[in-house]
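Try each task yourself before you read its solution.

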Amino acid sequence: MKFNMISKTEAFTNPDFGCVPEKRGINEYISKGVINLDKPSGPTSHEIDSWIKRILHLEKSGHGGTLDPKVTGVLPVGLDAATRVIQLLLTAPKEYVCLLTFHHDVDEDKIRETFKEFTGKIFQLPPVKSAVKRELRTRNIYYSTIYEIDGKDVLFRIGCEAGTYVRTYCHNIGEAIGVGAHMAELRRTQVGSFNEKNNLVTLHDVTDAYHFYLEDGDESFLREAIMPMERAADYLPKIFIKDSAVDAICHGADLACGGIVSLADNIQKNDIVAIETLKGELVASGNALISANEILEADSGFAVNTSKVFMQPNIYPRVW
């Protein structure tokens, strides 16, 4: 997602410390990488993790936003050190293309009218087989666009808040109309900043890229199949900090206003923000304590309560 960046002060970054994410050595690039994987129908998300580890000979990997075995589409996978970064996607907005099937014939106007009613804030009860407590909760449906109605089948695209169950969404629409409905097919098309147009690759692509690297020493295909872990934070508003502030954040310190160089102009209090170096390296994430305008005007005090640290200490000099 795009944000307008505003400058708070001028600063330069020392080339002797850190590294632009895209220029990391290949081993570090892999271990701090994420894959925008096109999950096939059949395997579980955890099986995909295991296969990725086996293909790339890694110790660990982790996915962002579990997909049911039969569901296909965007499954971000974090590699080694980037596994923790995938946690940022748990609260990211999601998008799906879904085929809903009604159990009886329904008038098209009624279908379109009901879909409009199921946009905005809706109530959902998670299914019996779910990883969360089964209690009624609200979820935000950003849009629900019908592409085609063919008899009892409805093809639509839905953008929704994290934690929305599309299967339940289909069931509830069928209940509202009074004829019943179920989710026939589902494909996820977006998770945060990952989508079908953004380096989406298959398991075969990853396998081929790794073999090109092993056999010919050609890193190019591997660098196309894997993206820097920083891409997992691209949907969040960003704050760029001085080199002198980096190591303190790496040790868990909150971000002081004096350490900020530039920031997204739409930051509001309590927003989750990504903290990055001037080279674009992801340092940490946290909750904004004040708004962007207040940060710009502040000469002292703290701007962000650091919650998750992703960069190792001692990469940048300690000056605190």
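**Exercise 1.** Find which residues of helix 4 are buried, and what they pack against.

*Solution.* Start with the terms: helices (H or I, at least four residues) and strands (E, at least two) are DSSP runs, numbered from the N terminus. Buried means under 20% relative accessible area, exposed over 50%, and partly exposed in between (1.4 Å probe, protein chains only). By that rule, the buried residues of helix 4 are Val-166, Thr-168, Tyr-169, Cys-170, Asn-172, Ile-173, Gly-174 and Ile-177. Next, look at their partners: they pack against several elements, including helix 3 (108–117) and strand 9 (181–191).

One note on the model: it is predicted, so local features need pLDDT of at least 70, side-chain atom pairs count only at pLDDT 80 or more, and totals for chains, interfaces and linings use all residues. Residues are numbered from 1 along each chain as its sequence is written, and side-chain values use heavy atoms, with hydrogens and water left out.

**Exercise 2.** Check the length of helix 4 (residues 166–177).

*Solution.* The expected span is 1.5 Å times one less than the number of residues. For the twelve residues here, that should give 16 Å. The end C-alpha atoms are 17 Å apart, which agrees.

**Exercise 3.** Describe the surroundings of Pro-69.

*Solution.* First place Pro-69: it's in the loop between strand 3 (61–63) and strand 4 (72–79). Its relative accessible area is 35%, so Pro-69 is partly exposed. Now list contacts (heavy atoms within 4.5 Å). Leaving aside neighbours within four places in sequence, Pro-69 touches Lys-39, Pro-40, Ser-41, Gly-42, Pro-43 and Thr-44. Finally, Gly-42 is 27 residues away along the chain, yet its C-alpha atom is 4.9 Å from that of Pro-69.
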